[in-house]
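Here's a walk through the model you have open, written for someone who would rather look at residues than at tables. Keep the viewer handy and follow along.

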Amino acid sequence: MVSPAHFIALSVILFVIGAVGVLVRRNAIVVFMCVELMLNAANLAFVAFARMHNGLDGQLIAFFVMVVAAAEVVVGLAILTSIFRARRSASVDDANLMKY
Amino acid sequence: MTGSLASASTIAAPAFEWGLLSPVLLVFAAAIAGVLVEAFAPRTLRRSLHIALSLGGLAGAFILAVWLGATNSHFAGGRPGTVIAVGTVGVDRPTLFIQATILVLAFVSVLLIAESSHEVTSFTPQAAAVPGSAEEREGLLAGLSHTEVYPLTLFAVGGMLLFPAANDLLTMFIALEVLSLPLYLMCGLARRRRLLSQEAAMKYFLLGAFSSAFFLFGVAMLYGYAGSVQLAAIATAAQSGTASATLLYAGIALLGIGLLFKVGAVPFQAWKPDVYQGAPTPITALMASCTLVSAFGALFRVFYVAFGQLTWDWRPALWVVAILTMLVGSVIAITQRDVKRLLAYSSIAQAGYILTGLIAANTAGLSGSMFYLAAYGFATVGAFAIVTLVRDPAGEANHLSSWAGLGKRSPLVAGLFALFLIAFAGIPLTSGFSGKFAVFRAAIEGGALPLVVVGVLSSAILAFPYVRVIVLMFFSEPAPEGPVVVKPSAYTGVAVALGAAVTVVLGIIPQPLLSLANHAATQLFVR
């Protein structure tokens with residue numbers, strides 16, 4: 001029997017995978033995808049909690065988060081493509097003009 | 001937002017007090033009008049229309065905020081304000097004070113954005129053109145400029161106004177994104193040193209998105225805990241303490257990470273120096289003043305309203321963060337060789353001082369912090385305005401070595417910069433001293449004496465790099481090929497003059513603003 005608690009556990013696992021991915025991956029696009037994974041983990045948690053509390057708030061919030069994530073993609077990809085065109089590289093290690 | 005699965009045959013339109021939300025709505029309306037100007041107005045008219053619209057919108061919103069505070073029936077006779085828009089937005093005295101502060105500082109920042117005397121503008125002609133390409137040169141020669149910065153600024157300011165007013169965590173998250181997304185873009189629009197600027201935009205974007213994911217997951221945990229995202233409902237649930245404490249503490253921690261990132265507290269400060277250095281200086285001024293005020297407003301509301309009963313649980317963690325922030329900011333500031341990075345580390349240390357006001361968890365802490373934020377905001381906008389004036393053929397001369405002997409080239413500009421630096425250091429007779437005094441006194445009242453000791457120590461450390469810059473400006477010989485101080489137009493002139501005037505006036509007679517802040521903070525936030 002799959003209970004909402006299982007979904008919460010899954011969302012925590014997804015969130016941790018996303019957070020670790022942001023920290024260890026070097027390609028900016030992959031880093032960004034890991035952030036999206038974290039947002040979707042939060043969505044899963046919202047929907048599962050909505051089920052637990054018998055409310056609609058969580059499901060509604062998930063829609064808001066999707067819209068925000070879409071807006072973030074627009075802004076993020078614009079920045080990342082402009083960097084890629086200038087440097088021919090999407091590695092976050094190559095963006096190192098500013099230090100200390 | 002009280003959702004239930006019960007079906008309702010008729011839908012009643014929610015009561016929505018437009019009047020109390022009018023400052024925010026006016027700024028958003030001006031932003032949308034700005035988009036229309038961008039789409040339909042001829043290129044020659046655009047810039048002047050944008051400037052009129054932005055300055056007019058911000059000034060109008062400020063007047064509305066003051067007028068609401070003075071005359072609205074929700075504030076009459078010492079009443080604390082009210083929760084509007086079906087419980088999603090709280091309009092109370094501290095919120096109005098913070099919003100008014102943001103609006104004035106945004107107005108001054110827009111003056112810097114509008115500056116065009118020493119170059120066409122601080123912004124790139126075409127953000128999409130690759131740096132160093134023929135396309136970019138064509139854009140420069142054609143005298144193009146990105147006027148989109150004006151509506152983007154207004155959208156960001158609108159988000160900043162909503163962020164500290166948000167009474168539920170969903171609204172707060174949306175406001176956070178509305179304020180952040182335009183800022184990410186504007187960071188990458190510098191006219192000179194474009195690779196640096198794009199790098200700043202990428203770092204700010206990736207780290208900002210990362211931190212807002214933490215914020216959102218914290219909201220999810222608190223929703224799981226309380227069954228609602230309203231701050232008051234979370235406070236009620238925490239008081240009864242029946243649900244899982246793990247969810248509550250995970251929620252506080254994750255939400256705290258998201259908010260502390262925005263104020264640039266250690267260990268979430270890594271973005272600040274790079275972003276402040278790479279972004280166009282007027283945008284840095286906007287971020288250093290308005291974003292900081294707004295993020296602290298939200299931080300105060302969350303910790304005082306939602307977690308107000310749990311002071312003993314979050315205090316120890318924030319003690320560590322505040323101590324680290326004050327010390328790391330001031331110690332690393334000593335090693336800086338770039339004036340914008342120096343100001344960034346100084347801003348990190350200042351965030352630490354304001355955190356002591358948060359930890360005080362009393363009305364004096366809130367009022368002292370609000371006063372400090374206003375005082376610091378003006379000084380920092382003034383300081384960045386001066387940074388835009390010291391230029392060499394490659395643009396702004398940001399390396400400190402080129403500031404040597406500036407006092408001999410231009411005593412006025414160097415003197416004003418020295419004034420802002422001693423205000424940051426908290427020397428008496430400047431606004432920085434009054435602000436630090438107010439915040440630290442509140443922290444002692446709140447039982448955080450060791451924090452105050454660290455704060456004073458940190459200020460002493462921080463005074464060292466400032467004094468070094470002042471000595472460099474006044475007591476060393478200017479290099480023959482050194483930078484020139486350009487004569488500012490009225491825009492930058494007004495910005496610098498306002499910053500300097502407020503810094504001096506709040507240092508000598510802080511009482512009027514201080515008592516206004518006290519008056520605003522007496523009843524804390526509405527629930």
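## Around Thr171(B)

Setting aside residues up to four places away in sequence, Thr171(B) touches Thr88(B), Leu162(B) and Ala166(B). Keep in mind that this is a predicted model. You'll find Thr171(B) in helix 6 of chain B, which covers residues 169–187. Is Thr171(B) buried or exposed? Its relative accessibility is 14%, so it counts as buried, given that the cut-off for buried is under 20%.

## Leu207(B), a partly exposed helix residue

Now hop over to helix 7 of chain B, residues 194–226, where Leu207(B) sits. With a relative accessible area of 32%, Leu207(B) is partly exposed. Which residues does Leu207(B) contact once neighbours within four places in sequence are left aside? Those are Phe261(B) and Trp271(B).

## The hairpin in chain B

Strand 1 (residues 81–84) and strand 2 (residues 89–92) of chain B run antiparallel and are joined by four bridges. In that pairing, Ile84(B) has Val89(B) in strand 2 as its bridge partner. The two strands make a hairpin with four residues between them. In the turn, Ala85(B) has a positive phi of about 55°.

As background, strands of a sheet pair through backbone hydrogen bonds, either parallel or antiparallel.

## A three-stranded sheet

Chain B also has an open sheet of three strands, in the order 4-3-5, with antiparallel pairing. Which strands are at the edges? Strand 4 (395–396) and strand 5 (484–485) of chain B are, each pairing on one side only.

Take a look at how strand 3 (residues 390–392) meets strand 4 in chain B: two bridges join them, and they run antiparallel. Across that pair, Asp392(B) stands opposite Gly395(B) of strand 4.

Most residues other than glycine have a negative phi, and most peptide bonds are trans. A few spots here go the other way. The peptide bond between Val266(B) and Pro267(B) is cis, with omega about 5°. Pro267(B) lies in the loop between helix 9 (245–263) and helix 10 (271–278) of chain B.

Then there are the phi angles. Asn54(A) isn't a glycine, yet its phi is positive, about 55°. Asn54(A) sits in the loop that links helix 2 (28–53) to helix 3 (57–87) of chain A, and it is exposed, with a relative accessible area of 54%. Leu524(B) is another non-glycine residue with a positive phi, near 50°. Leu524(B) belongs to the segment after helix 20 (511–521) of chain B and is partly exposed, at 28% relative accessible area.

## Chain B as a whole

Zooming out, chain B has 20 helices and five strands. Its radius of gyration is 23 Å, close to the 24 Å that the globule rule gives for 527 residues, so chain B is as compact as a globular protein of that length. Along the principal axes, the C-alpha atoms fill a box of roughly 75 × 55 × 40 Å.

Of the 527 residues in chain B, 63% are buried. Among contacts between residues at least 6 apart in sequence, 81% join residues at least 24 apart. The accessible surface of chain B is about 17,700 Å², with 71% of it belonging to carbon and sulfur atoms. Chain B carries 26 positive and 20 negative charges, and their mean positions are 5 Å apart.

## Chain A as a whole

Chain A has three helices and zero strands. How does its radius of gyration stand against the globule rule for 100 residues? The radius of gyration of chain A is 17 Å, well over the 13 Å from the rule, so chain A is more spread out than a compact globule. The C-alpha trace of chain A spans about 50 × 25 × 25 Å along its principal axes.

In chain A, 42% of the 100 residues count as buried. For contacts between residues at least 6 apart in sequence, 58% join residues at least 24 apart. Chain A exposes about 5,300 Å², 70% of it supplied by carbon and sulfur atoms. The mean positions of its 7 positive and 5 negative charges are 9 Å apart.

Note on methods: Residues are numbered from 1 along each chain as its sequence is written. Chains are lettered from A and ligands numbered from 1 in the order in which they are written. This is a predicted model: local features need pLDDT of at least 70, side-chain atom pairs count only at pLDDT 80 or more; totals for chains, interfaces and linings use all residues. Side-chain values use heavy atoms; hydrogens and water are left out. Two strands pair if DSSP finds at least two bridges between them. The radius of gyration is taken over C-alpha atoms; the globule rule is 2.2 Å times the number of residues to the power 0.38. Buried means under 20% relative accessible area, exposed over 50%, partly exposed in between (1.4 Å probe, protein chains only). Contact means heavy atoms within 4.5 Å. Accessible areas come from the Shrake-Rupley method with a 1.4 Å probe; for residues, only the protein chains shown count as cover. Lys and Arg count as positive and Asp and Glu as negative; His and the chain ends are not counted. The place of a charge is taken as NZ of Lys, CZ of Arg, CG of Asp or CD of Glu.
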